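Student: Before we go through this structure, could you set each value against the definition behind it?

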Amino acid sequence: ACPSLNVIPVIDSTNQYLLERVGQLPKGAVCLAEYQAAGRGRRGRQWLSPFGSNLYLSMYWRLDAGMAAAMGLSLVVGVALAETLQSFGAADVKVKWPNDLYYQDKKLAGILVEMTGQAGDAAHLVIGMGLNIAMPEHEGESIGQAWTNLTEACGALPGRNALAASLIERLQRTLEDYEEKGLEGFLDRWNRLDNYLDRPVRLLIGNREVEGVARGINAQGALLLETVDGLVPFIGGEISLRGC
Ligand code: ATP
Ligand code: BTN
């Protein structure tokens with residue numbers, strides 16, 4: 001496979017760049033930037049993207065509509081990103097349901113999957129990843145939660161080019177596997193990487209809050225929460241998980 005690489009030093013958002021071009025892109029096309037003026041997270045939140053110290057990478061993919069709508073996608077992308085970082089020596093990186101990477105209970109990376117396409121047709125997906133590598137403390141001052149850098153998680157810091165190349169390669173393989181086999185083949189791997197497995201957590205669902213013990217994910221990608229009512233699956237984009 002030979003994906004097209006669009007390396008653009010200064011951009012609004014690498015996700016936005018690919019979303020505006022979905023008709024012209026080969027599957028696996030990548031956009032990389034050094035700085036994002038309007039990096040975004042889920043539900044319109046901001047992804048802080050200072051110059052030169054992090055990785056901002058998006059990939060275009062096309063999937064059959066049913067699979068694209070499934071919860072599984074951001075989970076398998078999380079596995080691909082975590083396993084890539086582990087292969088560079090960051091042994092203790094973890095995933096947090098549904099779309100983050102954590103190290104020592106601090107946010108290391110975020111994943112944002114965006115989609116366009118007609119109902120019933122194949123969906124055009126843009127899969128974006130923001131990874132903090134060596135973001136200076138003062139650049140991240142406005143982040144309203146604990147965050148960290150790959151420099152903390154890794155003994156020797158890998159070169160960014162080698163990291164980006166390896167990530168692109170693994171991401172492509174992972175998406176092909178997901179197309180073929182679905183989430184099933186990733187469940188054990190995800191659960192092994194789960195930062196909150198068997199730990200007390202809170203789920204924020206709009207202005208409702210549910211407490212319980214996190215017990216991993218099921219075959220639909222739902223988070224399993226052990227509550228006073230038993231084991232309850234939670235699924236959907238409007239849920240945020242917090243440690244207790
Ligand atoms: P959720 O559990 O719903 O995903 P979240 O607070 O992590 O909650 P996201 O939309 O996933 O929300 O991510 C956006 C949030 O991530 C921002 O509101 C900010 O708190 C945090 N953030 C922004 N930029 C960075 C960054 N470079 N590194 C770490 N965290 C960041
Ligand atoms: C999140 O935690 O909510 C996801 C953050 C995703 C950030 C990445 S950086 C590259 C790509 N371009 C964006 O504007 N967002 C994603």
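Tutor: The C-alpha centres of domain 1 and domain 2 lie 23 Å apart, and the domain assignment gives domain 1 as 5-193 and domain 2 as 200-243, with such bounds coming from an automatic or database domain assignment. This is a predicted model, in which local features need pLDDT of at least 70 and side-chain atom pairs count only at pLDDT 80 or more, while totals for chains, interfaces and linings use all residues. Residues are numbered from 1 along each chain as its sequence is written, and chains are lettered from A and ligands numbered from 1 in the order in which they are written.

Student: What makes residues of domain 1 and domain 2 count as in contact, and how many are they?

Tutor: Two residues are in contact if their C-beta atoms, placed from the backbone, lie within 7 Å; by that rule, 12 residues of domain 1 are in contact with 10 residues of domain 2. On the side of domain 1 that touches domain 2, α3 (72-87) and α6 (187-193) are the elements that give two or more residues, and the largest share, three residues, comes from α6.

Student: Why are α3 and α6 called helices?

Tutor: Helices are DSSP runs of H or I with at least four residues, numbered from the N terminus, so the runs 72-87 and 187-193 carry the names α3 and α6.

Student: What makes seven residues of that side of domain 1 nonpolar?

Tutor: Ala, Val, Leu, Ile, Met, Phe, Trp, Tyr, Cys and Pro count as nonpolar, Asp, Glu, Lys and Arg as charged, and the others, Gly among them, as polar; on this basis the side of domain 1 that touches domain 2 divides into seven nonpolar, two polar and three charged residues.
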